[in-house]
Amino acid sequence: MEFEYNKALIKSLLNNAHMTNINDFKFFVTNKIEKKQEKPKENELYKERSYGIFKNHIENKKLHTLLEEIRDLIKNS
C-alpha cells in the first residue's frame, strides 16, 4: 500500500513538472542490508608532552619491564 501511495505521489509530481511522457515506472526492493564501507582510521599523531621522568614503583617484574619500555618510547619520541 505504501508503494502505491508513493507511486501515485511520484506520478502527480511528474505531471506537475509537465513530464507527461512518462507512463509507468517500477520499484525495486531488496531485503538485504547493504554493507557500508568503513573509512580507514588515520593514525593521529600527537606531540608527546611527557619526558618520561617518573619513578617506577611496580614490583611485578613483567609489569616493571613493560613500564620501562613505555618510558623508552616516550623518551625517543
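Visitor: How many helices and how many strands does the secondary structure of the protein chain have?
Guide: This is a predicted model, and its protein chain comes to 2 helices and 0 strands.

Visitor: How do you know what the radius of gyration of the protein chain says about a compact globule?
Guide: The comparison is with a rule for chain length: a compact globule of 77 residues would have a radius of gyration near 11 Å, whereas the protein chain has 32 Å. The C-alpha trace spans about 80 × 25 × 15 Å along its principal axes.

Visitor: What share of the residues in the protein chain is buried?
Guide: Buried residues make up 8% of the 77 residues. The chain exposes about 8600 Å², and carbon and sulfur atoms supply 55% of that area.

Visitor: How many positive and negative side chains are there, and how far apart are the centres of the two sets?
Guide: There are 15 positive and 12 negative side chains, with the centres of the two sets 0 Å apart.

Visitor: Let us turn to single residues. Why is Arg71 called buried?
Guide: Buried means under 20% relative accessible area. Arg71 has a relative accessibility of 11%, and therefore it counts as buried. Arg71 is placed in helix α2, which covers residues 61-76.

Visitor: Is Phe54 to be called buried, partly exposed or exposed, and why?
Guide: Phe54 has 31% relative accessibility, and so it counts as partly exposed. Phe54 is found in the loop between α1 (2-16) and α2. With residues up to four places away in sequence left out, Phe54 touches Leu67 and Arg71.

Visitor: Why does Asn56 count as buried?
Guide: The relative accessible area of Asn56 is 15%. The term buried requires a value under 20%, and therefore Asn56 is buried. Asn56 also has its place in the loop between α1 and α2.

Visitor: What makes you say that the side chain of Asn56 has polar contacts with the side chains of His64 and Glu68?
Guide: The distance between the side chains of Asn56 and His64 is 3.1 Å, and the polar contact joining Asn56 and Glu68 is 2.9 Å. A polar contact requires N or O atoms within 3.5 Å, so both values meet the distance limit. Beyond its neighbours within four places in sequence, Asn56 is in contact with His64, Leu67, Glu68 and Arg71.

Visitor: Why is His64 called partly exposed?
Guide: His64 has a relative accessible area of 26%. Because buried means under 20% and exposed means over 50%, His64 is partly exposed. His64 is found in helix α2, and its side chain reaches the backbone oxygen of Ile58 at 3.2 Å.

Visitor: How do you know that Lys7 is partly exposed?
Guide: Lys7 has a relative accessible area of 21%. Buried would require a value under 20%, so Lys7 is partly exposed. Lys7 has its place in helix α1 and touches Asp24, Phe25 and Phe27, not counting residues up to four places away in sequence.

Note on methods
Residues numbered from 1 in each chain as written. Predicted model: local features only at pLDDT ≥ 70, side-chain atom pairs only at ≥ 80, totals over all residues. Heavy atoms only, no water. Helix = DSSP H or I, 4+ residues; strand = E, 2+ residues; numbered from the N terminus. Rg over C-alpha atoms; globule rule 2.2 N^0.38 Å. Buried < 20%, exposed > 50% of the residue type's maximum accessible area, 1.4 Å probe, protein only. Areas by Shrake-Rupley, 256 points an atom, 1.4 Å probe, with all protein chains shown as cover. Lys, Arg positive; Asp, Glu negative; His and termini not counted. Charge placed at Lys NZ, Arg CZ, Asp CG, Glu CD. Contact = heavy atoms within 4.5 Å. Polar contact = N/O pair within 3.5 Å; in protein donor to acceptor, adjacent residues only side chain to side chain.
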